[in-house]
Each structure stands twice: as structure tokens, then as C-alpha cells.
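These are my notebook entries on one structure.

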Amino acid sequence: MLAQILTALLAIVIAVGFSLLYFAGTNWILDKSLADRVNPDGTEVVRAKQRESIRPWLFIFPALLLLTVYLIYPVVETLRLSLYDGAGSAFVGLANYAWAFQDAEYLQAVGNNLLWLAIVPAASCGFGLAVAVLADRVSWGVIAKTFIFLPMAISFVGASVIWKFVYDYRGPDADQIGILNALVTTLGAEPQAWVTLPFWNNFFLMVILIWIQTPFAMVIFSAALRGIPEETLEAARIEGANEFQVFFRIMLPQIMSTVVVVWTTITIIVLKIFDIVLAMTNGQWDTEVLANLMFDWMFRGGGDFGRGSTVALTIMIAVIPIMIWNIRRFQKEEGMR
Amino acid sequence: MAMVAGGAKAKLGRFAAHAALATLVLIWTIPTLGLLVSSFRDKDQLIVSGWWSALSSSEQTAFGRTGTAADQVEQGGQFVIEGDFLGDGQPGAIATFGESQRNLEAFTAGETAALEDGTEFLLNEDGTYRWTSEQPFEHERGERIFFISEVPPIFTLANYVEVLTAEGIGQSFINTLTVAVPATIIPILTAAFAAYAFSWMQFRGRQILFVIVVGLLVVPLQMSLIPLLRMYNGIGEVFGADPKSYLGIWLAHTGFGLPLAIYLLRNYIGSLPRELMESAKVDGATHFDIFTRMVLPLSVPALASFAIFQFLWVWNDLLVALVFLGKRPDQIVLTSQLRELLGSRGDNWEILTSSAFVTIVVPICVFLALQRYFVRGLLGGSVKG
């Protein structure tokens, strides 16, 4: 144990030291090798311009290298591999795509992902907005927000354990130790094995993600709501608008662009949802999703890289519109700077 | 009149706001509270009663084995076997007992029961029993007597001791730390230099490169996994090294975290006052000096925001760890270990709850202590995928 702690510490020091060494070292070399110098005939050669044209690349080189190796190259490579067989050696054309469109598991995963997309972003934004608005109206709003905030720090796997315990099922004769079934039996209904209940179990898994994403939405919306001038709201109230009208006619339109950003951010998270499904069901009982199916094919039977890549590409294709929208939005903001 | 009605309505509205918010707070806290309470409960109590009844005593069914014929003594013409079912310091009080598992409530504790074979059996609340017979006992194996006992609530750290030692959670805690700290520091350094270059240095292709970074913000991790797995395996083969290594996962996390890091830090560094940079340059400072002596110290809030973000992300990550690290004891991280336990110890809630709590305690502390920075990071980077 102690040995590992020491190894880890050493590794940390080396890793950080190496990074620092790179930046300090390359800059030092640049300054030395392209230093201003005085020629024998006494004329001075100032090479600041050369130095400063190279220096930016020293600054961004590590970042560019890592981005290229870990993101740009893999995207191209995944695209290529989706046209190859399981081992990635023989070209098979569109065979993997043909497989996907008649594979029951794949179609189920697409269907489930669509279901998640329809519900999780909407529910998270809805609850997040509700908390943000309500917390502004009560004296204990800050405490309430802190409590609701906490699940954001919990890992998907940790949250899965927490909720698996909530959903725990014992036979109808036993005392239920899962709070959901305890509630259900108290109300006089039969206890259910929620996680294995086809179709509906999808919703019980979604609850976990909504539980984690609501605090995120809440934080962003709280900040956005604070940006609405108090006078605007007061004016509306004096005009006789009730609280619902104030919310739907004034607050919501004012923060609509924020809602869109939060919605798309959660959409991307939903498209990649993996840990919760893996930990709760591993795709059994009709809960398969794309990211879990992709992971499965990476290792199933020694790994089928062609099919895995095809499934990954499905997620990528769904993300592309958001990516384009993101870039457009960025360019618009840049233009205003 | 109208004023009064309006006042009542407003009061009702305020009450509704309190009630609705209280409900939401409950839904968002009760599941975690259940985990926390359960992780401190005795494992035998945990499986028979809900955690919400943790403070009341629980009923447990158990059985005791009587002494054998060898233990009998003759007292006044009767043969007697005495003993104690709740011997070795077991807590609780026996409520009822019976001869078979189906008939646990046949007799009340303290009452002398006439058993089917004509003998008499007295079982006291404290677990001591006295078994008497007119005929000598002949059995060689103790008889089983089933009973229900009321056990007072027991809270214990035993679950934590077990998971930290026997279930490998302690070791994986260190593994996770080993992954998370460098995987937080390396991208910060790398991204800070790049963000400075993107904000304050002139070079060809600056705009287009940054647009690419913005595009990469949302590229799903899944796109990278297979090519990188193949690449790592290839490198491992060429150099005869293990393709699953800490260095490998640090770099992977760095690569995946960089777009957000560069984006966030550029927003911040780019908004520093231009005059500051200009005056430093007039004084003859190079970009390297300006960056290390002025920009880095000024950017601490932004660096902290990203650091918390990345640290939580890496700490909580499962997917990257599954692909880039092995499941050997010296590599398996907390999330991965917890997932293994979900599979292998799925019914041992005392193990699962305490393990889960160990995995979430660090993020929660980081989060509560540095909430301010975290929120700032969230607000600055809410476009990340």
C-alpha cells in the first residue's frame, strides 16, 4: 500500500515536472538559439520577430498533439473502421451498416436512446427550472439548492447503487427494504422488481440521470434568472399579472437561450449514457442503449471493431447538428467581441 | 374584499411554493440518506428492515442448538440440559420460540413449553434455556429451537472496515487518486499555455484552430475508444509493455479534457485587460514571462474551476478506466470496483452501500468546499459534451 502511494506520488511529480520542463525548456532553447547577436562587424541582429513567430507553436504544440492523437485521428479512424471487418483488416463496404439496420439489439438501442432523449433533457430542465424559481421565493432557498446540488458530485455508478437500493425488491411476503417498494406496499399494491420490468424499467433508469442532471440545470437557470431586471418583474406584477403569467410571459422568454444551451448539453450527455445502464442492467430486460452496445461490441467475442465503430458513429451523427450549431453560435459571439 | 381574497391567494401560493420545494428536496436527498444510514447498519438488520426504521429495534429470526445428551445432569429425578442461545455477547431479547421454522410464535419467552416428545422446554428472554425430561436424553446432536428475537438497533463501522480491507475498496481508492491527480494537473498546464497563445499571440491559423477546438467540445468519447484501444495495444506489442498503464490513462483523460479546458481558459485569459499585456511587453517581457509571471497568477480562479471540473470528471469516470486500465488490484479504480461488486455482491447491501459511500465522499467534500468555483466553471462551460 505504502509502496503504491509512493509510486503514485513519484509519478505525479514526474508527470508534472515533465510538463513544466517542456514549456520552460523549449522556451529557453528558443531564446538561446535565436538570440539577438552582434556580428563581428558590429551590426546588431535582432531576431525577436523569428522568435515570436515560433513561440506560439511551442505554446500550443502539446495541446494540438494530444487533441490530434486522442480526438481528431480517432474520429477519422472510427469512420474507416466502420467499413472494415471485426478485426479491422478486411474491407467490407457497408456490411456493418447493413448488419446494424436489421440487428434487433441495435434497433432497440436506437429506440431506447430516442426515448431517453425525449424525456431526460425535458425533465431535467423542468425540475431544474422549478427549483431555481421556487428557491428564489422562500427564505431557505439557498439550503434547498445546496441539498439538491449534491447529486451532481456523485458518479453515475455511485448513483446507480443508490437507486438500485431504492428499487430493491423482495418477494411479496417479505418486508421490503427498498423505499419504493415499501411505499408501494404501504399503499396496498404489489411490490415490483422495477429494474427488470420491460419498457418501464427504462424510465427507472432515466430517473437516475434526471436526478444527476437537474442540479446542473438548476445552477445555470438560477444564474440566468438573477440576470432578469427586478423592475421588469415588478412592473408586470403591478400591471396585475399573476405569478404564472410572470413566469411564462416574462421569465421564460428572457432565459430561453439559456434553456436551449442546457437542453443541448444534457442531450449530448444522454446520447452517451453508458455507466447507468451498464451498472443497473447491462442492457438486459430491453434497456440497451447505443453507448453500452458499443462498449459491448468492443470486447464481445474478442471484440468486433467494425460493428463497434458503426455503433459509435451513430452517436457521432446525432451529435453533428449540435456541433455545427455550437460553432455557429461561437462565431457569432466572436463577431460581437 | 378583493384585497382579502388576493392576500389569501398569495398565502396559498407561498404555501404551495414551500411544499413543492420541500418535496423536491426530499426526492433529491432521501436516496443518498438511505445509502448513508444503511452503510452504518449491522448487516443482519439491514436485510430484514428498511433503513428508515433503523432507529427502532428489529425482529430477527434465528435458531439455537441445544446441548447434547452428554451435557445433561440429573436433578431430583429429572434430566436437565441448560445453556444459552444468546451466549457470546449477542444483543437482543427473545420474544417467541417454537420447534420448527414454520411455527416461530408457538411459545412466548419465559413460558415453559411442552414439546412434542413430552419434554419441557423453558426459554428465557435473555437466551438462557432449561430443557427438562423425565427420561434420560439420548440425542447426540443438539436439537434446533427456532426463535424470534428483538434486536436493538446496531450501528457499526464494520462494513467500512470490511470494504476497505477485504473488498479492495481501500486499494482502489489509492488507484483512483493516482489516476485523478495527474489527469487533472497535466491538462491544466497544457491548456493554459494553449489558451494564452489563442488569446494573446499572433499566428497563422489561430481562428480556424480554435474553431476546431470548439467543434471537438462535443465529440463523443465513444468515437475515440476503438482506435485508441488498437493504438495502445499496438504500442504495447512493439515495446513489449503493458498497454494498460497509468501513463496511458493520464494522457487519455488529458486529451478528452483539453477542449473544455482550452475553451474555458481562453474565455478567461482572453478577457484580461489588454493594457496589462502591452505594458509588460513595452518593459521587454517575453510571452513566456508574461504568461508565467502575470497571466497564470491572475487566472487562478479559472484554473480552479476547471481543476474541480476535471477532477470530479476523472474521479467519477468509469468508461475510460474500463478501456485504458486493467482490472488488476493495482489498477482497478473505485467506480470499476464498485461495478464489480454490484455484479458479485449484488445482494450484500452492507458491502454495496459502504463501498458506494467511500466512492462518493471525496467528490462531495471537494464539491462542498469549492462550490463557488465549481458553479463558475459550470456557467463558463455549459457547452461541453
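**Entry 1: domains of chain A**

I looked up the domain assignment of chain A, which gives domain 1 (2-32 + 41-95) and domain 2 (103-336); such bounds come from an automatic or database domain assignment. The model is predicted, and local features need pLDDT of at least 70, side-chain atom pairs count only at pLDDT 80 or more, and totals for chains, interfaces and linings use all residues. Residues are numbered from 1 along each chain as its sequence is written, and chains are lettered from A and ligands numbered from 1 in the order in which they are written.

I found the C-alpha centres of domain 1 and domain 2 of chain A to lie 35 Å apart. Contact joins 10 residues of domain 1 of chain A to 8 residues of domain 2 of chain A (two residues are in contact if their C-beta atoms, placed from the backbone, lie within 7 Å). I sorted the side of domain 1 of chain A that touches domain 2 of chain A by class: 5 residues are nonpolar, 4 polar and 1 charged. Here Ala, Val, Leu, Ile, Met, Phe, Trp, Tyr, Cys and Pro count as nonpolar, Asp, Glu, Lys and Arg as charged, and the others, Gly among them, as polar.

**Entry 2: chain B**

I counted 14 helices and 9 strands in chain B; helices (H or I, at least four residues) and strands (E, at least two) are DSSP runs, numbered from the N terminus. The C-alpha trace of chain B spans about 115 × 85 × 35 Å along its principal axes. I noted a radius of gyration of 33 Å for chain B, whereas a compact globule of 385 residues would have one near 21 Å (taken over C-alpha atoms; the globule rule is 2.2 Å times the number of residues to the power 0.38).

The domain assignment of chain B gives domain 1 (2-53), domain 2 (58-152) and domain 3 (160-380). The contact between domain 1 and domain 3 of chain B takes 7 residues from domain 1 and 6 residues from domain 3. Helix H1 of chain B gives the largest share of the domain 1 side, 4 residues.

**Entry 3: between the chains**

I found 89 residues of chain A in contact with 90 residues of chain B. Helix H2 (residues 48-81) of chain A supplies the largest share of the chain A side, 18 residues. By class, that side has 70 nonpolar, 12 polar and 7 charged residues.

**Entry 4: nonpolar cores**

Which residues touch the most other members of the largest nonpolar core? Among them I list A:Ile273, B:Ala191, B:Tyr196 and B:Ile262, in a core of 178 residues. A nonpolar core is a set of buried Ala, Val, Leu, Ile, Met, Phe, Trp, Tyr and Cys residues joined through C-beta atoms within 7 Å. Helix H4 (residues 169-200) of chain B gives the most to this core, with 17 residues. Leaving out residues up to four places away in sequence, B:Ile262 touches A:Ala63, B:Ala191, B:Ala194, B:Ala195, B:Phe198 and B:Val213. Another core, of 14 residues, lies apart and includes B:Ile94 and B:Phe107.

**Entry 5: helix H5 of chain A**

I looked up the buried residues of helix H5 (residues 141-149) of chain A: A:Ala144, A:Lys145, A:Ile148 and A:Phe149. The face turned away from the buried side carries the exposed residues A:Val142 and A:Ile143. A residue is buried if 20 or more other C-beta atoms lie within 10 Å of its own, exposed if 12 or fewer, and partly exposed in between, with C-beta atoms placed from the backbone.
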